[in-house]
Amino acid sequence: VNALKCGPLLGYGVVGVHVTVDDIEASTSTAPLTVQSAASQCVLEAVKEAQPLILEPVVNVLIRVPNHFMGNVLADVTSNRRGQVVEVKQLEQAGESTSTIDAEIPLKEMVGYATSLRAMSQGNGSFEMSFKDYRFVGQELQAKLIEDPYGA
């Protein structure tokens, strides 16, 4: 159904919804395009009534920094980037103490992260990221996005 390609909140596709049309009543003179349009309107109204949620992509991030920079990096991940720390490990390699931080962070918050990490770790930090899943942005951010999609 075309109505699921353009959702009711911000126009992004609707996921996690399955639609089954059991019956359509129309006269024989009704054009198929008219039936399709009516079905799309019904689906869109049903999605609006279901109180949809805005989802955002979340990435797994593995960060490596010397131990003495770990506090600043952890604070940045949790406070500035809406990240959730999954695990922190401390390793001893070639006489240097290194920390690895495994975190889940919204992709939007990773913009400019290479520059930030370089600044926080005096050029000694590195990271890699991979797609994790989509998650609800939260009520407060959803309200801001609906009010001003480009400013939130």
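**Helix packing and strand pairing**

Helix 2 and helix 3 cross in a right-handed way; that is, the near helix is turned clockwise from the far one by less than a right angle. Helices here are DSSP runs of H or I with at least four residues, strands are E runs of at least two, and both are numbered from the N terminus.

A word on the source. This is a predicted model, where local features need pLDDT of at least 70, side-chain atom pairs count only at pLDDT 80 or more, and totals for chains, interfaces and linings use all residues. Residues are numbered from 1 along each chain as its sequence is written, and side-chain values use heavy atoms, without hydrogens and water.

Which residues make the contact? From helix 2, Asn-72, Val-73, Asp-76 and Val-77; from helix 3, Tyr-113, Leu-117 and Met-120. Contact means heavy atoms within 4.5 Å.

Now the strands. Strand 1, residues 55-66, runs antiparallel to strand 4, joined by 10 bridges. Pairing takes at least two DSSP bridges. Asn-60 stands opposite Ser-130 in strand 4. Strand 1 also pairs with strand 3, residues 96-106, antiparallel over 9 bridges. There, Leu-62 has Asp-102 as its bridge partner.

Last, the loop between helix 3 and strand 4. Gly-123 is found there. Gly-123 and Val-65 lie 58 residues apart in sequence, yet 9.4 Å apart in space, C-alpha to C-alpha.
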